[in-house]
Amino acid sequence: MLETSARLLRLLSLLQARRDWSGPELAERLGVTTRTVRRDVDRLRELGYLVHATAGTPGYRLGAGADLPPLLLDDEEAVAVAVGLRTAAGGSVAGIEETSVRALAKLERILPPRLRHRVHALRSMTVPMTGAADPVDPEVLTAIAAACQEHEVLRFDYRSHEGRESRRSAEPHRLVNSGRRWYLVGWDVDKGSWRTYRVDRLWLKAPNGPRFVPRDPPAEDLAAYTSRAVSSAPYRYRARLTVHAAAQVVAGHMPPTVGTIEPVDARTCVLRCGANNLDEIVVWVALMDIDFEVHDPPELAERIGAMADRLRAASGAARRMTVPPGHPAGGADGAASAGLAGPTAPAREEG
């Protein structure tokens with residue numbers, strides 16, 4: 001049987017791991033009687049922990065107290081928290097970098113050597129790729145999350161992709177994080193439709209509006225819904241292409257904020273993306289180095305053809321400069337494929 005102090009820590013860990021426990025369940029986990037469990041619960045209450053008795057089957061539930069109780073983490077949880085704090089220290093939420101570093105220092109100081117080694121190994125083998133996204137005030141995120149939970153209308157000023165500013169009222173549904181940016185999915189009260197807002201472009205107004213009855217969400221997969229909304233809707237050009245590779249392969253080349261991918265079969269998918277400049281789309285699809293066909297818009301196919309002609313001409317000039325006169329490899333045009341082609345002459349696919 002565990003000593004009393006060790007048993008109390010084990011009991012506290014169990015109460016933190018699950019919302020409700022029955023007395024017999026706790027007794028079985030701790031290897032004691034239900035009477036001992038009752039005494040240990042009383043000891044936790046004397047130490048300031050709010051342990052509530054549950055109705056129905058006699059049981060216990062740990063409540064929220066005035067002070068944050070010590071959290072008891074298993075190995076995997078401790079590593080996950082350490083990695084999360086390290087990510088937050090250089091992340092996209094403004095104002096928590098310094099506090100994340102302080103919390104991480106406290107955690108790493110008490111990590112056992114085996115876990116500290118795992119955290120340090122992950123850090124040394126990871127290279128962060130910083131983005132240009134504007135950081136978000138954590139108080140804004142928590143205010144939005146609270147409004148989502150309490151079903152309160154949010155009022156805010158908003159700057160659109162084109163730079164237009166307007167006053168908005170929205171029924172907030174969920175926050176979505178793309179890794180670089182935060183988005184709010186909500187029902188726009190004035191426009192009467194679901195909208196996606198970049199959180200770094202909105203400024204909340206106090207107080208919140210009235211409570212509302214939650215609506216059915218616009219999609220079951222809100223991450224995919226947000227990806228579609230931010231990757232094409234705000235832009236001048238919206239492209240649709242068939243890519244001759246599995247969806248997961250294309251997803252490795254295309255961030256969710258750049259394009260959405262719909263699998264067709266095991267070797268083909270449809271890519272939808274948007275940009276204000278056609279050359280941006282040309283560069284993205286060319287760098288994938290995968291066969292593709294352009295469906296929309298017609299201007300994109302024309303732009304790819306013009307770009308391919310320019311690259312072929314440049315390649316031919318380079319060949320004429322490096323191949324001796326009369327060499328069999330030097331033709332009249334000396335053109336070589338640059339791996340970029342229009343819909344009737346797809347790019348080369350490796351493998």
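**Entry 1: Asp75 and Arg114**

I looked up Asp75 and found its side chain in a salt bridge with Arg114, with the closest N and O atoms 3.1 Å apart. I count a salt bridge when a side-chain nitrogen of Lys or Arg is within 4 Å of a carboxyl oxygen of Asp or Glu. Asp75 belongs to helix H4 and Arg114 to helix H6 (residues 113–124), so the pair ties together parts that are 39 residues apart in sequence. Helices here are DSSP runs of H or I with at least four residues, strands are runs of E with at least two, and both are numbered from the N terminus. Asp75 is partly exposed at 29% relative accessibility, while Arg114 is exposed at 52%. Buried means under 20% relative accessible area, exposed means over 50%, and partly exposed lies in between (1.4 Å probe, protein chains only).

I note that this is a predicted model, in which local features need pLDDT of at least 70 and side-chain atom pairs pLDDT 80 or more, whereas totals for chains, interfaces and linings use all residues. Residues are numbered from 1 along each chain as its sequence is written, and side-chain values use heavy atoms, without hydrogens and water.

**Entry 2: helix H3**

Next I went to helix H3 (residues 34–46), which has 13 residues. From first C-alpha to last it reaches 19 Å, close to the 18 Å expected at 1.5 Å a residue; the expected span is 1.5 Å times one less than the number of residues.

Which residues of H3 are buried? I listed Thr36, Val37, Asp40, Val41 and Leu44. They cover an arc of only 140 degrees around the axis, which puts them on the same side of H3. The arc is taken from the directions from the helix axis to the C-beta atoms. On the other side of H3, I found Arg35 and Glu46 exposed.

**Entry 3: salt bridges in H3**

I searched the whole structure and got 17 salt bridges. One of them joins Arg43 to Asp40 at 2.7 Å, N to O. These two are 3 residues apart in H3, about one helical turn. Asp40 is buried at 0% relative accessibility, and Arg43 is partly exposed at 29%. I also found Arg7 linked with Asp40 and Arg43 in a network of salt bridges.

Asp42 and Arg45 form another salt bridge, at 3.3 Å, N to O. They too lie in H3, 3 residues apart. Asp42 is partly exposed at 37%, as is Arg45 at 34%.

**Entry 4: strands**

I then traced an open sheet of 3 strands, antiparallel, in the order S1-S3-S2. S1 (21–22) and S2 (51–54) stand at the edges with a single partner strand each, so one side of each has no neighbour in the sheet. S2 and S3 (residues 59–62) pair over 4 bridges, with Val51 opposite Leu62. Strands count as paired if DSSP finds at least two bridges between them.

Further on, S4 (residues 154–159) and S5 (residues 165–177) run antiparallel, joined by 6 bridges. Arg155 stands opposite Ser169 there. The two strands form a hairpin with 5 residues between them, and Gly163 in the turn has a positive phi of about 95 degrees. S5 also pairs with S6 (residues 182–188), antiparallel, over 7 bridges. The partner of Glu171 in S6 is Trp187.
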